[in-house]
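Hi everyone, thanks for coming along. Please have a look at the sequence and the structure on the screen, and then I'll walk you through a few places in it.

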Amino acid sequence: MVLRNSKWSLWALALLTLVLFSNVMLYQPIVQQFLAIELDRGAVLGSLVDLVIISPALAYAAFKMSKKQAAGFVVFGLVMARVIIPEEFFAPYTILLYSGISFEALFFLAELCLIFLLFKRIPDIRAEMRSSQSGSIFSFFPAVERKVSRLPLIRIVASEILMVYYGFFSWRKKPPIHDGVVTMHHKTSAIAMNIMLIHAVAIETIGLHWWLHSKFPILSFILLILNVYSVLLVLAEIQITRLHPVEVENGELRVVQGLRQRLILPLSNIEEIEWGEKKPDKGTMVFMQKDFEEIHPQVILILKEPVEATLFMGKKEVVSKVALRVDDPEKLKRLLEQHEKRA
């Protein structure tokens, strides 16, 4: 979860921490003895209000979360109340815990059905992608949203499918070849750095797994799974970097940076173009490959109207400025000027 961009979010987080901590401490015998506290139904009811109503409200004020996540926080409050409140005091409220867990279980089952529907509709999604005439990285999420759902869980599963596709099944694909292609990675060390990262993870996996396996086999297995996932993620990043350069075509600018962010920008929506290497302002979405030395974007596109970009795990972000760094800035400048002349 991410903190809200508000001056009150930190206050809400501090109050949330205080509420949770004070309720946990209230039921510690040593604290009760020191403060001469005797538990009664009023104290238990107050704790339930704190954990089930006040805490979710403070969490919603502090973090960017959906209403479903806030409902999950209510269930978490009930579970936490069951853990910290002695059984003899919590017994009259057990029905609340069972109701909350059942409600959350129904949501989970509904989401599982949607995941099943997602896999069932893969042929329809592929047909939708083919009709869009853009790369899989751009067309997959819109097709999933149209054919299945926009729910966060579906977007997360779709993001994992996209990672597996680029990590395993895209090696025979070739990057696009047309006059509107401008590469981003040839003059950087992006792919070399990712290959070095794969080597580092592989060496660490072998050494650490060998040492941990005899001492903590469960922890060793968990770390092995995480490292394999990391290697797959980096492989997908390499393939997306290689297969998806900047494309200026059909009145659009399509740009992607790994699984982290992608954007389709109508060229008619560009209000102003600022050339020259400089550090972009805060709030500008930057598309620039990594390098060993510090580099800056070469061009900043200021938009007439904000557009929606897709981030990691299918999250959405509205941007009004886009910064780019490419291998051939003169070619990109020529392409953008050609569109201005046509317009």
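How confident is the prediction? The mean pLDDT of the protein is 85, and 99% of its residues reach 70 or more. Confidence is lowest in strand S1, residues 2-3, with a mean of 72. It is highest in strand S8, residues 285-287, at 93.

Let's start with the surface. Find helix H12, which covers residues 329-342, and look for Glu330 in it. Glu330 is one of the residues in a negative surface patch, together with Asp328, Glu337 and Glu340. Is Glu330 buried or exposed? Exposed means over 50% relative accessible area. Glu330 has 54%, so Glu330 counts as exposed.

Ile218, Phe221, Ile222, Ile225 and Leu226 make up a nonpolar patch on the surface. Together they have about 520 Å² of accessible area. Take Ile225 as an example: you'll find it in helix H11, residues 217-243. Ile225 has 47% relative accessibility, and so it counts as partly exposed.

Next, salt bridges. How many does the structure hold? The answer is eleven. I'll show you some of them.

One is between Glu128 and Lys147, where the closest N and O atoms are 3.9 Å apart. Glu128 sits in helix H7, residues 122-132, and Lys147 in helix H8, residues 136-147, so this pair links distant parts of the chain, 19 residues apart. Lys147 is partly exposed, at 28% relative accessibility.

Stay with helix H8 for a moment, since Glu145 lies there too. The side chain of Glu145 meets that of Lys316 in a salt bridge, at 3.4 Å from N to O. Lys316 belongs to strand S10, residues 316-324, so the pair ties together parts that are 171 residues apart in sequence. What about the surroundings of the two partners? Glu145 counts as buried, at 16% relative accessibility, while Lys316 is partly exposed, at 29%.

Another salt bridge joins the side chains of Glu274 and Lys278, at 3.0 Å from N to O. Here Glu274 is partly exposed, with a relative accessible area of 25%, and Lys278 is partly exposed as well, with 38%.

There is also a network: Glu247, Glu249, Glu252 and Arg254 are linked by salt bridges.

While we're in that part of the chain, look at Asn250. It lies in the loop between strand S4 (246-249) and strand S5 (252-257). Asn250 is exposed, at 65% relative accessible area. What is its phi? It is positive, about 55°, although Asn250 is not a glycine. Why point that out? Because most residues other than glycine have a negative phi. Met313 also has a positive phi, near 60°, and is not a glycine either. You'll find Met313 in the loop between strand S9 (299-311) and S10.

Glu271 is in strand S7, residues 270-275, and is exposed, at 55% relative accessibility. From Glu271 to Lys174 is 97 residues in sequence and 33 Å in space, C-alpha to C-alpha.

Arg172 is in the loop between helix H9 (152-168) and strand S3 (181-182). Its relative accessible area is 84%, which makes Arg172 exposed. Arg172 and Leu118 are 54 residues apart in sequence, and their C-alpha atoms are 25 Å apart.

And then Val181, which is in strand S3. Is Val181 buried or exposed? Buried means under 20%, and Val181 has 12%, so Val181 counts as buried. Val181 and Gln289 are 108 residues apart along the chain, with 16 Å between their C-alpha atoms.

Key: Residues are numbered from 1 along each chain as its sequence is written. This is a predicted model: local features need pLDDT of at least 70, side-chain atom pairs count only at pLDDT 80 or more; totals for chains, interfaces and linings use all residues. Side-chain values use heavy atoms; hydrogens and water are left out. Patches are made of residues with over 30% relative accessible area and no salt bridge: like charges are joined within 9 Å, nonpolar side chains (Val, Leu, Ile, Met, Phe, Trp, Tyr) within 5 Å. Accessible areas come from the Shrake-Rupley method with a 1.4 Å probe; for residues, only the protein chains shown count as cover. A salt bridge is a side-chain nitrogen of Lys or Arg within 4 Å of a carboxyl oxygen of Asp or Glu. Lys and Arg count as positive and Asp and Glu as negative; His and the chain ends are not counted. The place of a charge is taken as NZ of Lys, CZ of Arg, CG of Asp or CD of Glu. Helices (H or I, at least four residues) and strands (E, at least two) are DSSP runs, numbered from the N terminus. Buried means under 20% relative accessible area, exposed over 50%, partly exposed in between (1.4 Å probe, protein chains only). pLDDT is the predictor's confidence in each residue, from 0 to 100.
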